[in-house]
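This briefing covers strand pairing, the sheet, the overall fold and a ligand shell, in that order.

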Amino acid sequence: MKRHIVMLPGDGIGKEIMGSAKIVLQTIATEFGHQFTFAEHAIGGSAIDQFQTPLPDTTVKACEEADAILLGAVGGEKWDSLPGDQRPEKGLLGIRKALGLFANLRPIKGFLPLLHASPLKEEVIKGSDILIIRELTGGLYFGEPKGRIEKGNAVVDTLYYHRTEMERIIDKAFQSAQHRNKKLTSVDKANVLESSRFWREIVEAKRKEYPDVAVEHLLVDAAAMKLITQPNQFDVIVTENLFGDILSDEASVLTGSLGMLPSASIRTDGIGLYEPVHGSAPDIAGKGIANPLGMILSAALMLRHSFDMHEEPDEIERAVQTSLDQGYYTADLAIEDGIVVSTKEMTDIVIGNLSTNSVSNCICNSYA
Ligand SMILES: NC(=O)c1ccc[n+]([C@@H]2O[C@H](COP(=O)([O-])OP(=O)(O)OC[C@H]3O[C@@H](n4cnc5c(N)ncnc54)[C@H](O)[C@@H]3O)[C@@H](O)[C@H]2O)c1
Ligand SMILES: CC(C)[C@H](C(=O)O)[C@@H](O)C(=O)O
Ligand SMILES: [Mg+2]
C-alpha cells in the first residue's frame, strides 16, 4: 500500500522523537510490503525561526495533500515572550483548525510492567482502560473576542460552541462507547457554565439515539478527583477542549508517564494528525533521554485510524509491550530494577522486538 506521511517534528523533544516513529514505520513498511513516503515540514518555534510564522502556508498545503500527519511537539522558552497570536502553540491550534480535526482521541493505556512507575497504588490503577475524547477545535481556545481590552486593563477569552460542534463530538463519543464497553461519562461544569448546561442538554438528547450506551454526567472538578482515585469506573470520557486538555495530562499518571500517551486528532472522514499528548519538554530537550513511546504509539494509531490497518499497529503495540517486559525504561518511568535507556536505545529495542513477539499481556488495548 502506498501512503504519504507528512512529519511535523516541531520543537524540543518533538525533534528527537519524530525519528523514532519514522524508523518504526519504515520497519513496518518493509515487513508488510507497504510503501510509505515521508516529507518533513516546519511548525511551531522552528517555523518562526525559519519563516517568521508558526504555521507556514507550505505546511498547511503539505498536510492537506498528505494521507496522514505525525506531529512531535511545539513550544519552548525561546519563544515564550512572543504575543499569544504569534507563539509556537498557535501553529498547532492553526493546523488542527485548518484541517477540521475536531475529535481528539486520547487512550490511556496501561502497560503491566509500568504499574510501579505510577505514584498511585497498584490496586487503584490495575485494569484501568480509558478513552478520553476531547473536543479540539472550539471552546475557549478559539472563541472571539480574545485578548486585552479596556486599554490593556482587562482581558477576555470567549467560550463559544455552536450546537453542531457539540453534536458531532458527542456523536463520536457515543459511537466509540458502542464499540467499547457501552459506557460514556460526559464531563462538564454545568453547575456554573451556560455552555456546559447546553452541552448536557445535547448529551441528554443524543442518548436517545444510542439506547445501548449507559451515560453519566460528572462535574469536571469531581471527575479530576475520581480519575486518579477510581479510574476503573471510567471507560469513554467526552468533554470540551480545555477540560480534555487538563484531564488527559492528569490521566497520564495512571500509565506511569506523560511520555507514554499517544493521541489521534481526526474528523469524520479523511486525514488525521497523530501526536503524543506531551509537549516539547524544555527541561530534558537536547539530552537524548525523552521517552519515544507516546510518539511510536501515535504512529500505531495512525496506521489504525487513517490507513485502516490492524496487524501492523497491533505489532507495534506488542513490540512496545515486549520492550517494557524485558525491563527497558526511559528515565521518566523511574522503575526500580529497570534498565534505563536513551531515546535512541529504546527505539532500537522496540524495532528489535517488531515481528518477534508472542502473546501480548497488555492490560488494555482497545482503541475506538
Ligand atoms: N502538543 C504539543 O505540541 C504540546 C503539548 C503540551 C505542551 N506543549 C508546549 O510544550 C512546552 C513545555 O510545556 P510543559 O513543560 O508544560 O509540558 P511538557 O509536556 O512539555 O512537559 C511536562 C513534563 O513532562 C515531561 N515529559 C513530557 N514528555 C516527556 C517524554 N516524552 N519523555 C520524558 N519526559 C517527558 C517533561 O520533561 C516535563 O517535566 C510549552 O511551550 C507548551 O506550550 C506543546
Ligand atoms: C500546546 C497546547 C496548545 C496543546 C493544547 O492545549 O491543546 C497541548 O497542551 C495539547 O494537549 O495538545
Ligand atoms: Mg495538553
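In this predicted model, Val-6 stands opposite Ala-39 of strand E2. Strand E1, residues 2-10, runs parallel to E2, and six bridges join the two.

**The sheet**
- Ten strands form an open sheet with mixed pairing.
- The strand order in this sheet is E2-E1-E3-E12-E11-E4-E5-E10-E8-E9.
- Strand E2 (35-40) and strand E9 (214-219) are the edge strands, and each of them pairs on one side only.
- From one strand to the next, the twist averages 25°.
- Helix H7, made of residues 194-206, packs on the sheet, where it touches strand E8 (183-188) and E9.
- The direction of helix H7 makes about 160° with that of E8.

**The overall fold**
- The protein has twelve helices and 14 strands.
- Its radius of gyration is 20 Å, close to the 21 Å that the globule rule gives for 368 residues, so the protein is as compact as a globular protein of that length.
- The C-alpha trace spans about 55 × 50 × 40 Å along its principal axes.
- Of the 368 residues, 49% are buried.
- Among contacts between residues at least 6 apart in sequence, 75% join residues at least 24 apart.

**The shell around ligand 2**
- Gly-75, Glu-89, Leu-92, Leu-93, Asp-245, Val-277 and Gly-279 surround ligand 2.
- Helix H4 (residues 88-98) gives the most to this shell, with three residues.
- Sorted by class, the shell has three nonpolar, two polar and two charged residues.

Methods
Residues are numbered from 1 along each chain as its sequence is written. Chains are lettered from A and ligands numbered from 1 in the order in which they are written. This is a predicted model: local features need pLDDT of at least 70, side-chain atom pairs count only at pLDDT 80 or more; totals for chains, interfaces and linings use all residues. Helices (H or I, at least four residues) and strands (E, at least two) are DSSP runs, numbered from the N terminus. The radius of gyration is taken over C-alpha atoms; the globule rule is 2.2 Å times the number of residues to the power 0.38. A residue is buried if 20 or more other C-beta atoms lie within 10 Å of its own, exposed if 12 or fewer, and partly exposed in between; C-beta atoms are placed from the backbone. Two residues are in contact if their C-beta atoms, placed from the backbone, lie within 7 Å. A residue is near a molecule or strand if its C-beta atom, placed from the backbone, lies within 6 Å of it. Ala, Val, Leu, Ile, Met, Phe, Trp, Tyr, Cys and Pro count as nonpolar, Asp, Glu, Lys and Arg as charged, and the others, Gly among them, as polar. Two strands pair if DSSP finds at least two bridges between them. Axes are lines fitted to C-alpha atoms, for helices over the stretch in contact, and angles run from 0 to 180 degrees between N-to-C directions.
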